[in-house]
Amino acid sequence: MNTQSINPIDDSSVPIEETRRSQLVEVTIDSLAELGYVGTTLAQIAARAGVSPGLVAHYFGDKDGLLDAAFRSLARRVGNQVRTRLRQVSTPRARIQAVIDANLAPEEFEQRTGTAWLAFWGQVLQVQSLKRVQSVYQQRTLSNLRNSLKKLVPPDEAQRLAAMIAAMIDGVWLRAALSGWREADSESARALLTAFVDDRLKQAAPAAAAAGDVVVGRERARASSPAAGERFASINPATGEVLGYVTAAGSAQVDAAVGAASKAQPDWGAMTGTERARVLRRAADILRSRNQELAELETRDTGKPIQETRVVDVMSGADCFEYFAGLAQSLSGEHIDLGPTAFGYTRREPLGVVAGIGAWNYPLQIACWKAAPALACGNAMIFKPAELTPFSAVKLEEILLEAGAPRGIFQVVQGFAETGRLLTRHPDIRKVSLTGEVGTGKAVMSDAAQTLKNVTLELGGKSPLIIFDDAKLDNAVSGALLANFYSSGQVCSNGTRVFVHASVKAAFLERLIKRVNAMRIGDPMNPDTQVGAMVSEQHMHKVLSYIERGRAQGAQVLTGGMRVTTGELKNGYFVAPTVFDGCRDDMAIVREEIFGPVMSVLEFEHEHEVIERANATEFGLAAGVFTNDLTRAHRVIAKLQAGTCWINQYNVTPIELPFGGVKLSGLGRENGRAALEHYTQLKSVYVAMGDIDAPY
């Protein structure tokens, strides 16, 4: 038997009685974990603590008093964890997750604590004092859940759903405890609850929307956002630490930005293309000169590895400005011969003030993709970055001013969905370009319709990657890795449905798993790190919930499938690259966009079959084909319903090629000459060269 003596009191600021009581409570929890409720007595606790039974009785009276204090200590610890987590989040959905994560935290599944909890749960019906502690603990959990749910669903549903979540928290924990922690662990339990809550909120979304809330993804924007003028934090997803704060813009700030843009745009639009091009080229040069600084900022804000942000995020933005600087000089209409008495011509003119709304996975690159063509065509742009990654767009505004752009031509406003809606509904903004989720795209399009704004929507995807039996397997594996695990899988065009011909599937998987297992997960600031963090804790739990759904629906995890919390990663939001085999087309992991490092491998036999299966999705952003038969490659690509395709490559997006999707993956195109069509309006001019012959 282990003994724990009462230690001398070193800190005179802590009352000796309080310290001794706390030490005795800890000894009691040890005893409960080893001997259970019946075997734990005052005498036994005293012997373990190296004190007299009379001293234990002095502090607690009897066994019930001692166990009551121990039970309160365990409940208090969970309550403190809940409060700590709640202080770190602001949205209703995140607050629900905080309650789930605190109650099902790894320490609650630890043998000592878990067994002590189990001992108490077995006595609450017989011991009134324990029942009171349990009642307070459960009511607090219900209250926290109800208060958050009322902001997401109708009150009656909030009451019912809170009770169900609380019951599931207790139930999944109890099941794990009764199985000796073999049938469930903290990670899987939290993922299960997360998937359940997301599913119920998704079902409730139409009712909430009908009641007047704006549905953005799985949250209601009105309930989740700071008010105008309030600050909100940006979190480093690799460490959980606050990077800094920005202030949410309201109607006054947006109106001021639109006013400044409207004032600056006419002169900017009247410049020659060559004059605008000089500013854009200088911006490209400054971006390249500040590559390291901006890459580090992007890595801290997104959690992506520095080896990616240093060679892609900033440099691709610079390439974009350089490319559209060239197009600005050649921006022109066309001449139309109408015979000997007339001719016509067209002019490409700027729209005026336009808005860009960015996503969090490529904050700087997306800001450049939207700003460069808009400015090249003579427009002014107001850009709202994603609230999770607010900083690099501010740097782009500074760089453009340094490059010589007039003040007001490119401005950044910060905020959540409400700020975005102020842009999409503003009568003086003539176009909105959004990169985001399908639900957000539909809301933007609806708002834009009120003033007939132009829209470009680059939305989500669930893209197919098809590997035929004659493909070079090493290249195909490389393509699949790029299509699933670059940027920790947080890429809209990812080819997450990997269709592999049955005859080469085994060889493909063998090479794939070997290379996935060799990938280095670590501190994103370390140049050797290949896999960084998910962008937020909430998004991490969404990804983990899909992994659990995949398991539950019968798919087999070949590698990965868990959160990574080892060493310096313990406070970050890391998910191991995950490969599923044994997938069916009807599984959630195959049908729904996960936006994380999760690959689903599917088997096929025939070309016509795989084309039909690849197209059986509401999305149509991207697709890829690996084969040595280029005739087949072109034939298959022609039949795939996707806007951006690759043959024997994946996720390479040169600025010269238009980028965008079909079906629910979006409208319009970014990059290439096609982008000019979306940032200009065409004016037709008829020029008479003779007299007018009027019939009256």
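Strand 18, residues 598-604, is mostly covered, with six of its seven residues buried. Buried here means under 20% relative accessible area, while exposed means over 50% and partly exposed lies in between, using a 1.4 Å probe and protein chains only. Strands are DSSP runs of E with at least two residues, helices are runs of H or I with at least four, and both are numbered from the N terminus. The model is predicted, so local features need pLDDT of at least 70 and side-chain atom pairs count only at pLDDT 80 or more, whereas totals for chains, interfaces and linings use all residues. Residues are numbered from 1 along each chain as its sequence is written, and side-chain values use heavy atoms, leaving out hydrogens and water.

Strand 18 pairs with strand 13, residues 497-501, in parallel through five bridges. Two strands count as paired if DSSP finds at least two bridges between them. Phe-499 has Leu-602 of strand 18 as its bridge partner. Strand 17, residues 578-581, also runs parallel to strand 18, with three bridges, and here Phe-580 is partnered by Ser-600.

Strand 13 is largely enclosed by the rest of the structure, because five of its five residues are buried. In a regular strand, side chains alternate between the two faces of the sheet. On one side of strand 13 are Arg-497, Phe-499 and His-501, on the other Val-498 and Val-500, and all are buried. Strand 12, residues 464-467, joins strand 13 in parallel by four bridges, and Pro-464 stands opposite Arg-497.

Of its 26 lining residues, Val-312, Tyr-362, Gln-365, Asn-651 and Thr-653 are the closest to its centre. Helix 14 (306-329) and helix 15 (363-376) are the elements that give two or more residues to this lining, and helix 14 gives the most, with five. A pocket is an open set of points on a 1 Å grid over the protein atoms alone, where a 1.4 Å probe fits, with protein on both sides within 12 Å along at least five of seven lines; lining residues have an atom within 4 Å of a point. The lining divides into 15 nonpolar, seven polar and four charged residues.

Last is confidence. The chain averages a pLDDT of 87, and 85% of the residues score at least 70; pLDDT is the predictor's confidence in each residue, from 0 to 100. Over residues 1-14 the pLDDT is below 50, and over residues 206-224 it stays under 50. Where pLDDT is low, the predicted coordinates should not be read in detail.

Note on methods:
Nonpolar A, V, L, I, M, F, W, Y, C, P; charged D, E, K, R; others polar. Contact = heavy atoms within 4.5 Å.
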